[in-house]
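Please examine the protein shown below, first as a whole and then residue by residue. The paragraphs that follow are intended to guide that reading.

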Amino acid sequence: MQKQNATVHLLILDPSQNDAESLISLLRNAGKATRAHRITSEEDLEEALKSSNWDLLLARDIEQEFTADQALAMIRRMDKDIPCLFLTEEENRDRTVAVMKAGAQGTVQSDHNDLVILKTKRELAALEDRRRRRALESHLREAEQRCQLLLESSKDAIAYINDGMHIYANQSYMEFLGYDDIDDLICIPVLDTLTPESQNDYKMFMKSFAEKGEDGMTMNCTTKRSDNHELNVTMSVSAATYDGETCTQIVLQPEHSDAELEEKLREISSQDLLTGLYNRQYLMTELEQAIARAGRDNETGALAYIALDSFMAMKGQVGISGADLLLGDLASLLKQEAGDDLMLARLSDDAFGLLCLPCDEKSLTSRCEQVRKTVDEHLFEINGRTVPLTVSIGVASITENSPKAEELLARAHIASSEVRKQEDQPQGNGIRVYNPADYETMDESNSIEAILKALDNDRFRLLFQPIINLRGDGEEHYEAFVRMLDKDENEVSPYDFLPPMGPSDTAIKIDRWVILQTIKQLSSHRSQGNDTRMFLNVTAETIQDKTFTSWLSVALKAARLPGDSLVFQIREGDANNYMKQAKEFTKALHQLHCKVSIAQFGCALNPFNTLKHIDTDYVKIDGSFTEEIQKNEEAKEQIKEMVKSLQSAGKLTIIPLVESAGVLATLWQAGVNYIQGYYLQAPVPQMNYDFGDN
């Protein structure tokens, strides 16, 4: 972190040695101790960025062999937090706008010495603030992690409560009350863990605590474990904050030492069971520490996301057991290539991660090219059959300017996905390095900041598409869609611009905006005598949000809207990835009398297994089936069997993407309940479809 009189490490791009010396003298005369390096070529800058840390780039904005624009692009590509000022011959508004869009801090006329000094001091002060913030964020994360670890490993039974409900409990607390899973305890009020005789005492005690606010207040009471065994305990309470939320901490201790239960810290395994490699959780922990070191010590590194190409198609050919054998063989191969200096982990069914620290993206890219080539040339034998396999690899740098671990992993994932989008590599089998400048253009609507700004500035729009009952019962159903207006007033989906791994709070904010606005419009529409029901899509982040159903309950009551007027739609993939949360989410929705739908159904290896665990009312079959039934008879029979099985299980079926009348006869014969698509109506801003025509 820079201090007021610290030496400024300055990069100068200027073809004139004399002009560069004049700049250094200017800063020194202004009281800035300066250590400078004049850039002579692209290779020179790259070596300088790798070997040292720099505070500022002053670049002469003129025609030269290695231009200011190229220097800026390299700094952005290497994700270095180095402020850049372009020194121009004259004032040019368009040029200033262009360089600021490219990522520079601005321009200044080279002969205006006072402005050069002022802008330099401003950028150095801003850099110091950013470095101080990163250091503080790193310290805060470390402190929070230590606190969380202390809580989880403490032998004291500790829980946090809000409005009488558990929002967190450590392992000791759960074992004390006989619970195996935190999710089971979260749903239970504190009163329900006490005997009837102690419940009134607890109410009076908490009322007294609220009035006095004295931390450490205690009471004796009797707890009731999940097995109905009773224990006499001393409960102490204190004001606290957990996950940014004001709450109350309670600590339970046995009244007698011989009644204490044996406490143990539950260790979460760091190993992936199938491959023997590190698992995703371990990699993310290591990645967080690597990012913290980069911010604190400027120790750079890199992360590679290795995605298997066409894994699902291959899995369909060799079966689940065959796929497991292949993954084990691949893991051994990757382990040999990783050696002892790279950390290798399995991230998901079809992805692995390589963490390199300390290193730079070029060295890891070179190693990854060897990995790609080795996998491509290797002959994988599964049950006597040779299976070809290739990988698409994305590489992201770890620097002092890196985001949090989840977003950095998302960067590598995006780069991996981009490999298959290249015309010369439609099947993958390539490597791409993530360049932050490609995704962080200031005036584009592809950033989290732009999404949040659009929410604040009322640049979100709701659209509604009818869902028609094929049996002609005249029911009114719509599905709500959200669109965001970009800078050119074009409608785009905000969900398309969220990184694959989050940030979760942004997805939750979008979901809640859509739901709240839909509830308002639906309430108004129903007040005109329409018995309309609305399908609302929710993301995986909302499924995991434990505060959602309580928020929804308040919203429904405020709008005086019955719960059964809303149908919440969960994607099949999200339901399978978060099965336990989706099960609880569905249960909570049904308690509010809301309905539930599974969308994109039929893409999983065993789609009906999802329905064994999640009590859904509707099933929307994936749109790919709609296309296939128009091409071959086998697909028609498959749809008929699927619909028959779903309806036997009491599920109402929906077919989306109906684009023409030609498919209607097949859907009618298959017994489909509802249809949806552009043949009926495109999504529009008003609920104006005439259901009486059906």
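Helices (H or I, at least four residues) and strands (E, at least two) are runs assigned by DSSP, and they are numbered from the N terminus. The model is predicted, so local features are reported only at a pLDDT of at least 70 and side-chain atom pairs only at 80 or more, whereas totals for chains, interfaces and linings use all residues. Residue numbers start from 1 along each chain as its sequence is written, and side-chain values rest on heavy atoms, with hydrogens and water left out.

We begin with the overall picture. The protein has 23 helices and 26 strands, and its C-alpha atoms fill a box of roughly 85 × 75 × 65 Å along the principal axes. A residue is called buried under 20% relative accessible area, exposed over 50%, and partly exposed in between, with a 1.4 Å probe and protein chains only. By that rule, 48% of the 694 residues count as buried. Accessible areas are computed by the Shrake-Rupley method with a 1.4 Å probe, and for residues only the protein chains shown count as cover. The protein exposes about 34100 Å², of which carbon and sulfur atoms supply 46%. Contact means heavy atoms within 4.5 Å.

The next topic is aromatic pairing. A pair of aromatic rings is described by the distance of the centres and the angle of the planes. Rings of Phe, Tyr and Trp (for Trp, the six-membered ring) pair if their centres lie within 6.5 Å; planes under 30 degrees apart count as stacked, over 60 as edge-to-face, and the rest as tilted. This rule gives 13 aromatic pairs. In one of them, the ring centres of phenylalanine 548 and tryptophan 551 are 5.8 Å apart and the planes meet at 35 degrees, so the pair is tilted. Both residues belong to helix α17 (residues 548-559), and because they are 3 residues apart there, about one helical turn separates them. Which of the two is buried? Phenylalanine 548 counts as buried, because its relative accessibility is 0%, while tryptophan 551, at 21%, counts as partly exposed.

Phenylalanine 548 also forms a tilted aromatic pair with phenylalanine 585, with 5.6 Å from centre to centre and 35 degrees between the planes. Phenylalanine 585 lies in helix α19 (residues 579-591) and phenylalanine 548 in helix α17, so this pair ties together parts that are 37 residues apart in sequence. Phenylalanine 548 and phenylalanine 585 are both buried. One aromatic cluster is formed by Phe548, Trp551, Phe568 and Phe585.

Threonine 586 lies in helix α19 and counts as buried, because its relative accessibility is 1%. Leaving aside neighbours within four places in sequence, threonine 586 is in contact with Ile570, Val596, Ile614 and Asp615. Aspartate 574 is found in helix α18 (residues 572-577) and is buried, with a relative accessible area of 11%. Residues up to four places away in sequence not being counted, aspartate 574 touches Thr539, Ala540 and Ile543.

Some features of the backbone are found in loops. The peptide bond from leucine 357 to proline 358 is cis, with omega near -5 degrees, and proline 358 lies in the loop between β13 (351-356) and α11 (361-377). Asparagine 228 is not a glycine, yet it has a positive phi of about 70 degrees. Asparagine 228 lies in the loop between β8 (217-224) and β9 (230-242) and is exposed, with a relative accessible area of 56%. Serine 310, also not a glycine, has a positive phi of about 55 degrees. The loop that holds serine 310 runs between β11 (301-308) and α10 (311-338), and serine 310 is partly exposed, with a relative accessible area of 46%.
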